[in-house]
Amino acid sequence: MVSEGNILEVKNLNVSFRVRGSEIEAIHDISLDLREHETLAIVGESGSGKSVLTKTFTGMLETNGRISQGTVDYKNSRLSDLKLNKQWTKIRGKEIATIFQDPMTSLDPIHTIGSQISEVVVKHQGKTKKEAKKIAIDLMKKTGIPNAEKRYNEYPFEYSGGMRQRIVIAIALACRPEVLICDEPTTALDVTIQAQILDLIKDLQQEYQFTIIFITHDLGVVASIADRIAVMYSGRIVEIGTCEEIFYDSRHPYTWSLLSSLPQLARKGEDLKSIPGTPPSLYKKIEGDAFAPRNQYAMGVDFKAEPPMFKVTDTHYAKTWLLDKRAPKVEKPELIQNLHQHMIEMTKEDN
Amino acid sequence: MQEKTNQSKIYEIDTIVPIANVSEDDFAVVSLNSKENEKIDTPKYSYWGSVAKKFFFSKITIFMLLLMLVIFLMAFIQPLFSGYNLESVGNINDFKARYNWPSAKYWFGTDANGNSLFDAIWAGARTSISIGVIASLITEIIGVIVGAVWGISKKIDRLMLEIYNVIANVPSLLIIIVLSYSFGNGFWNLIFAMTCTSWIGTAYFMRVQVMIMREREYNVASRTLGTPTKRIIFRNILPYLTSVIVTDVSMSLPSFISYEVFLSFLGVGLSQNVPSLGRLISQYSPYMTSYPYLFWLPVLVLALITISLYIIGQRLADASDPRTHL
Amino acid sequence: MNNANRETLLSIKDLEITFGSGKSKFVAVQDVNFDIFKGEIFSLVGESGSGKTTIGRAVLGINPTSKGEIIFEGKQINGKISSKEKFQIERKIQMIFQDPSASLNERATVDYIISEGLYNYKLFKTEDERLNKVREMLEAVGLLPEQLYRYPHEFSGGQRQRIGIARALIMNPDLVVADEPISALDMSIRAQVLNLLKKFQREQGVTFLFVAHDLSVVRYISDRIAVIRAGKILELAETEELFKNPIHPYTKSLLSAIPIPDPQIARSRKNIIYNPNMHDYSIEKPEFREIRTGHFVYCSDSEAIEYKKNIKD
């Protein structure tokens, strides 16, 4: 049972995988509340566990993975206890739907676009075929497909990448889900199409009032869409806060690095700020702070003990020893100190 | 459990979090060794090591491998001592030596000529296995080389396709029979008849595989580095096709052995004095009901040979596919 | 910068590239003209299907051209050239590929991959010399000498891409075509790779043709940018000029689509959607014109007059 105002709650979740005979921890002690109707962005690089986390919400963990500790609750049901595929079918698609990076993985190449949408409408909304076709065309129009009536009978290969992603969104909407997980939905798309799809998702949320979990590796993309942002690193949430808190007042050095390495902030003639090294391999047991070896503000304690979550405000938490009283007071990188001011100047200059 | 709850606890900022074994000094920024970040933590990978590990993982594979080893050793060593001769009729008048059912003295029994079936089977197996192995080797070597060139070169593709279409449309068994008849019987003649056209099937199969690999990005990269075609074939493409080639071998070995059996059954192929499993089966088939061991034991050994070869081949093909190494 | 005084390394003239023939003939690139100066990073920016990669591959001789000229160091390199000449040019023009997991031979060690070109051109006298070269290169791209005998799949995506960069740059090329070298990488890794390319430009004077789909990335790295759409170059200018004075409506649309890492500005911003039918080219034929020094736009006469009016300094 979730608390008032929440739709999904994760408590002390650990997920592990068996790979080549050894147990690998992909998610470590994550607690997270998803509020109704909000857009939560989960930002992290590949291997950070962002997709693994949301797969536990729809029972789509790979067969060698399991929840080793903790709970996931959705409304009245405890998702972490569900075992059978039959139990999941009531949740998956119907309550929690997912849009993936590659739209072709969700589309059937040998059926027409229209039939794929209306099939879902018939199944989930119990309509007749004729009604379903009307609803399907309506959904196609809502997701911005021109000539929807004509294109209803076309096949996926006749659609461009951006149009296919719109169809996948239409199919997800046909189930009328409460939660929509967008797993890097724009990563494979061109920039102009990416901007359009983001606008579309925002507009549809206004109309259908669903809750969004938006997964991405690009912090720049979520500024316009997210209410809250969770930053993940190596299977842990290292910082979580409102969109403004993360962009204007972030506290974790990893978030600082992510922000300052955005090419939009780069200054001519200077090197881009880069994060040295590579993300930790899951094969190695993490001691202390997972980010420490790449962190220019790393302290001795970071290599010894895992930092706890510190509360910055009621909505803003960060997992770094820099927030302990004993730590030196470090300023965040100069590049992102007056981010808002800097961006206003830049946008003025460039039109 | 204590530690777990502690970890999940949330602290206000600027509090002192109680932790064991940490002093005030640990809260000073330390300098980093940037090279440290580039270290790879994954265990060092070796292709053939992983193939061996995967291959020997299954107990069935090990059993089949042992079975095959025993059969091969028997086939290639036992005849050296038994002095078996297919046409020997020395014991034909010794009635005690004729038509013995399998016993402690004659493990597989004896036939109408008083010859031990045990000796006969291993002598026959030696021929059959030799034919299978030699014919497969020739087929694969010619097939893989021709196929690799065929798949890379767009110039010879049309000509080769025409040749392939003509040959592939004639049943291979028919070609072998006709060739055997025209060249006469004999061990090497039979191998020639078998491999004369068989390589083209392998070559065609390789052509398709090579064509798939040809346009892969890493081969384009090699070309932009000025790598000659020959090296692209040997360094870039063939190593990726190990698994495919092993699969092909594991199918062609048993099939050549069966061809020999079938041809000898028809009385074509090997010379009259050469023992082979096919010849034994054909020679003893009239005894299927009266002295069934004479017929069924050679069949059983033949089955064990083909099955063990096939399974080992398949397992080796699986093991040599790096996708299974995870 | 005065472009007239700069040495041209690569010159592309009226280039056309077609695929297929007869009814299924498809024109991928048309009327493309541009010069790349020695030592600069020239970016070609466009969306999927714009023909940007096709041009890059034509420069490398992977894609045949149907019209026009590609001139490298004063010599034409497209069309019919002898295989000996082609082999010599291949060393001078190298490529960095988009997908570092597809473009490396998984069955070869890092040592072989980086040495591949050295072997082909016999660019070393002794085995020691070769090993030294490879080690130096490995270090230059930030990898460790002990990783010489590892296989590509043991590395992370960013490390793999640096192996790809190492094998191209060990050839001492004059021109490197970098085909979306960072779009398959994580955000935190991209900066490393861009800095590395910039380093080679600065320290060794390598010239780059950088192909990308995202203007925000190329702003930092490039000296000049060409925007391409549907096989035609629509606008070409120096980087800062292009961002300050974007003229073609398509360029404006691309700029408006760059995500802004600032929630307050990002939420209020409007996307400009480009409609290719907005131009009326039925009477006046469009051309690639110089609107102001070094700033070219594909437009008709009357559009050019209109564009000139709206330029700010």
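Okay, some housekeeping. Residues are numbered from 1 along each chain as its sequence is written, while chains are lettered from A, and ligands numbered from 1, in the order in which they are written. Because the model is predicted, local features need pLDDT of at least 70 and side-chain atom pairs count only at pLDDT 80 or more, whereas totals for chains, interfaces and linings use all residues.

Let's begin with what the UniProt record says. The positions I quote are in the numbering used here, the feature names are shortened, and annotations may be inferred rather than shown by experiment. For chain A, an unreviewed UniProt entry gives "domain: ABC transporter" over residues 10-259. In the model that span is 38% helix and 28% strand, and its end C-alpha atoms sit 27 Å apart. When I say helix, I mean a DSSP run of H or I with at least four residues; a strand is a run of E with at least two, and both are numbered from the N terminus. For chain C, UniProt has "domain: ABC transporter", again from an unreviewed entry, on residues 12-255. Here the model shows 39% helix and 25% strand, with 26 Å between the end C-alpha atoms.

Now chain B. UniProt, in an unreviewed entry, lists "domain: ABC transmembrane type-1" for residues 125-313. That stretch of chain B is 80% helix and 0% strand, and its end C-alpha atoms are 19 Å apart. The unreviewed entry also lists "transmembrane region" for residues 60-81, 129-151, 163-181, 187-206, 237-257 and 293-313 of chain B. Take two of those. Residues 237-257 of chain B are 81% helix and 0% strand, spanning 30 Å between end C-alpha atoms. Residues 293-313 of chain B are 100% helix and 0% strand, with 29 Å from end to end by C-alpha.

How is chain B divided into domains? There is domain 1 at 2-37 and domain 2 at 50-325, with bounds that come from an automatic or database domain assignment. The C-alpha centres of these two domains of chain B are 66 Å apart.

Next, how the chains touch. Two residues count as in contact if their C-beta atoms, placed from the backbone, lie within 7 Å. Between chains A and C, 43 residues of chain A meet 34 residues of chain C. On the chain A side, helices that each give at least two residues include α7 (191-208) and α11 (339-349). By class, that side has 19 nonpolar, 15 polar and 9 charged residues. For the classes, Ala, Val, Leu, Ile, Met, Phe, Trp, Tyr, Cys and Pro are nonpolar, Asp, Glu, Lys and Arg are charged, and the others, Gly among them, are polar.

And B with C? That contact takes 20 residues from chain B and 29 residues from chain C. On the chain B side, α8 (217-224) and α9 (229-237) each supply at least two residues. Which helix gives the largest share of that side? It's α8(B), with 6 residues. The side of chain B facing chain C splits into 9 nonpolar, 6 polar and 5 charged.

Last topic: helix packing. Axes are lines fitted to C-alpha atoms, for helices over the stretch in contact, and angles run from 0 to 180 degrees between N-to-C directions. Under 35 degrees is roughly parallel, over 145 roughly antiparallel, 65 to 115 roughly perpendicular, and the rest oblique.

In chain B, the axes of α6 (residues 172-183) and α7 (residues 187-214) come within 9 Å and cross at roughly 140 degrees, so α6(B) is oblique to α7(B). Among the residues making this contact are Ile175(B) and Leu179(B) from α6(B), and Phe192(B) and Met194(B) from α7(B). The contact has 9 nonpolar, 5 polar and no charged residues.

Also in chain B, α2 (residues 47-55) and α12 (residues 292-319) have axes that come within 8 Å and cross at roughly 135 degrees. That makes α2(B) oblique to α12(B). Here Val51(B), Lys54(B) and Phe55(B) of α2(B) meet Arg315(B), Leu316(B) and Ala319(B) of α12(B), giving 4 nonpolar, no polar and 2 charged residues.

Over in chain A, α3 (residues 113-125) packs with α6 (residues 161-174) at about 15 degrees, axes 8 Å apart, so α3(A) is roughly parallel to α6(A). The residues that meet include Ile117(A) in α3(A) and Ile171(A) in α6(A).
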